[in-house]
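Visitor: Hi, could you walk me through this structure? I'd like to ask things as they come up.
Guide: Happy to, ask away.

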Amino acid sequence: MAHPQQLGFQDATSPLMEELLHFHDHALMIVFLISAFVLYIIVAMVTTKIYDKYILDSQEIEIIWTVLPAVILIMIALPSLRILYIMDEVNDPHLTVKAMGHQWYWSYEYTDYEELGFDSYMIPTQDLMPGQFRLLETDHRMVVPVESPIRVLVSAEDVLHSWAVPTLGVKMDAVPGRLNQTAFITSRPGVFYGQCSEICGANHSFMPIVVEAVLLESFENWLSASLQDL
């Protein structure tokens, strides 16, 4: 999860987020090279009085500074389009969870199992246990198995919300009357935190998201216990 004074992204816990981090580094390196080149030209133009008429008026240079930016844009656009298509892929999910946004909490339904669902409220500060995070912990976590494709159906009951978990590379708007879907695969066990990313009202910052990824055996045990409690 994020920590104070962090400048970069959170550590990736899904293949999709790893792809996003690689694309970010790829694009940022291009930006650095362009910035350094432009800075060098500015310094050279300011510090020297020498000039060449072939530089001031040259067909070849005009071709270069027209074609080169186009090539750079293609180098950025192609990986970006690839990731966009990957983000829309939902290939044979092993589990489907419906996340419904309310003012101001989330409710989850495991649609593959009859009547398995619960509401997820933020734990008040005075009720936190040692080691829990303020404004991020919930009374019920969304539990999923590790290394399994998970499909999340996202909608809202009242106003616009957004179901987002940065470390998984997932962000999907929850629109009343509309059912959106996204998918992710967790690479390792852990607890991953997110928050509503849409300004949905007075308590917008008090509806966190907690996804707990566990081994398949542990997930089956949790599933059996949850079904028995119904």
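**Salt bridges and beyond**

Guide: Let's begin with a network of salt bridges that links Glu-137, Arg-141 and Glu-212. A salt bridge here is a side-chain nitrogen of Lys or Arg within 4 Å of a carboxyl oxygen of Asp or Glu. Please keep in mind that this is a predicted model, where local features need pLDDT of at least 70 and side-chain atom pairs count only at pLDDT 80 or more, while totals for chains, interfaces and linings use all residues. Residues are numbered from 1 along each chain as its sequence is written, and side-chain values use heavy atoms, with hydrogens and water left out.

Visitor: How far apart are the closest N and O atoms of Arg-141 and Glu-137?
Guide: They are 3.3 Å apart. For Glu-212 and Arg-141, the N to O value is 3.5 Å. Helices (H or I, at least four residues) and strands (E, at least two) are DSSP runs, numbered from the N terminus.

Visitor: Is Glu-137 buried or exposed?
Guide: Glu-137 counts as buried, because its relative accessibility is 2%. Buried means under 20% relative accessible area, exposed means over 50%, and partly exposed is in between, with a 1.4 Å probe and protein chains only. Arg-141, at 25%, counts as partly exposed, and so does Glu-212, at 23%.

Visitor: How many salt bridges does the count come to?
Guide: The count comes to 3. One of them joins the side chains of Arg-82 and Glu-19, at 2.9 Å from N to O. Arg-82 lies in helix H3 and Glu-19 in helix H1, so this pair ties together parts that are 63 residues apart in sequence. Arg-82 is partly exposed at 44% relative accessibility, and Glu-19 is partly exposed at 25%.

Visitor: Which residues of H1 are buried, then?
Guide: Leu-16, Met-17, Leu-21, Ala-27 and Ile-30 are buried in H1. The buried residues of H1 pack against helix H3 (59-88).

Visitor: What span should helix H1 have?
Guide: Helix H1 covers residues 15-47, and its 33 residues should span 48 Å at 1.5 Å a residue. The expected span is 1.5 Å times one less than the number of residues. The end C-alpha atoms of H1 are 48 Å apart, which agrees.

Visitor: Switching topic: which residues make the nonpolar surface patch?
Guide: Ile-34, Phe-37, Val-38, Tyr-40, Ile-41, Ile-42, Met-45 and Val-46 make a patch of about 850 Å². Patches use residues with over 30% relative accessible area and no salt bridge; like charges are joined within 9 Å, and nonpolar side chains (Val, Leu, Ile, Met, Phe, Trp, Tyr) within 5 Å. The areas come from the Shrake-Rupley method with a 1.4 Å probe, and for residues only the protein chains shown count as cover. Ile-42 sits in helix H1 and is partly exposed at 46% relative accessibility.

Visitor: And which residues touch the most other members in the largest nonpolar core?
Guide: Trp-106, Tyr-108, Tyr-110, Met-142, Trp-163, Phe-184 and Val-211 do, out of 32 residues in that core. Elements supplying at least two residues each include strand S2 (105-110), strand S6 (161-165), strand S10 (208-214) and helix H4 (216-229). A nonpolar core is a set of buried Ala, Val, Leu, Ile, Met, Phe, Trp, Tyr and Cys residues joined through side-chain atoms within 4.5 Å.

Visitor: What is Val-211 in contact with?
Guide: Leaving aside neighbours within four places in sequence, the contacts of Val-211 include Met-142, Trp-163, Phe-184 and Phe-192. Contact means heavy atoms within 4.5 Å. Phe-192 lies in strand S9 (residues 190-195) and is buried at 6% relative accessibility.
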